[in-house]
Amino acid sequence: MELVINGEARTVTDAATVADLLVQFKLEQKILVIELNRDIIERTDYEQTRLNDGDRIEIVHFVGGG
């Protein structure tokens with residue numbers, strides 16, 4: 001499946017849902033904000049939110065520092 005992730009076209013396999021995608025990128029334990037086609041996805045909906053060819057995803061994670 002072809003997705004645009006953070007502005008970069010990527011081919012992704014074995015990622016039917018947002019949760020699957022996060023596991024594939026080893027981000028499932030991070031505090032994130034996921035935007036799918038300009039809609040913010042709630043963490044509780046990651047497992048049920050299906051991905052489709054051509055979807056645009058923005059993944060934002062927070063980094064602490066001082």
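Predicted model: local features only at pLDDT ≥ 70, side-chain atom pairs only at ≥ 80, totals over all residues.

## Reading the elements

## The overall fold

The protein chain holds one helix and five strands. Following the sequence, their order is β-β-α-β-β-β.

How far does the C-alpha trace span along its principal axes? The answer is about 40 × 25 × 20 Å. The radius of gyration of the protein chain is 12 Å, which agrees with the value near 11 Å that a compact globule of 66 residues would have. Taking contacts between residues at least 6 apart in sequence, 52% join residues at least 24 apart.

## Surface and charge

Of the 66 residues in the protein chain, 32% are buried. The accessible surface of the chain comes to about 4,700 Å², and carbon and sulfur atoms account for 47% of that surface.

As for charge, the protein chain carries 13 negative and 7 positive side chains. The centres of these two sets lie 5 Å apart.

Let us start with Thr17, which sits in the loop between β2 (8-11) and α1 (18-24). Is Thr17 buried or exposed? Thr17 counts as buried because its relative accessibility is 7%, and the cut-off for buried is under 20%. Leaving aside residues up to four places away in sequence, Thr17 touches Tyr46, Glu47, Thr49, Arg50 and Leu51.

A polar atom of the Thr17 side chain lies 3.1 Å from the backbone nitrogen of Asp20. Asp20 itself is partly exposed, at 30% relative accessibility. Its contacts beyond four places in sequence are with Asp14 and Ala15. Asp20 and Arg50 are 30 residues apart along the chain, and their C-alpha atoms are separated by 9.4 Å.

## Val33 in strand β3

Next comes Val33, a residue of strand β3 (residues 32-36). With a relative accessibility of 31%, Val33 counts as partly exposed. Which residues does Val33 touch, not counting those up to four places away in sequence? They are Ile40, Glu58, Ile59, Val60 and Phe62.

Thr11 gives another point of reference for Val33: the two are 22 residues apart along the chain, and 21 Å separates their C-alpha atoms.

## Two asparagines with positive phi

Most residues other than glycine have a negative phi. Asn6 has a positive phi, near 50°, and Asn37 has a positive phi of about 50° although it is not a glycine.

Where are these two residues? Asn6 is in the loop between β1 (2-5) and β2, while Asn37 is in the loop between β3 and β4 (39-41). Asn6 counts as partly exposed, at 41% relative accessibility. Asn37 is partly exposed too, with a relative accessible area of 37%.

Methods:
Residues numbered from 1 in each chain as written. Heavy atoms only, no water. Helix = DSSP H or I, 4+ residues; strand = E, 2+ residues; numbered from the N terminus. Rg over C-alpha atoms; globule rule 2.2 N^0.38 Å. Buried < 20%, exposed > 50% of the residue type's maximum accessible area, 1.4 Å probe, protein only. Contact = heavy atoms within 4.5 Å. Areas by Shrake-Rupley, 256 points an atom, 1.4 Å probe, with all protein chains shown as cover. Lys, Arg positive; Asp, Glu negative; His and termini not counted. Charge placed at Lys NZ, Arg CZ, Asp CG, Glu CD. Polar contact = N/O pair within 3.5 Å; in protein donor to acceptor, adjacent residues only side chain to side chain.
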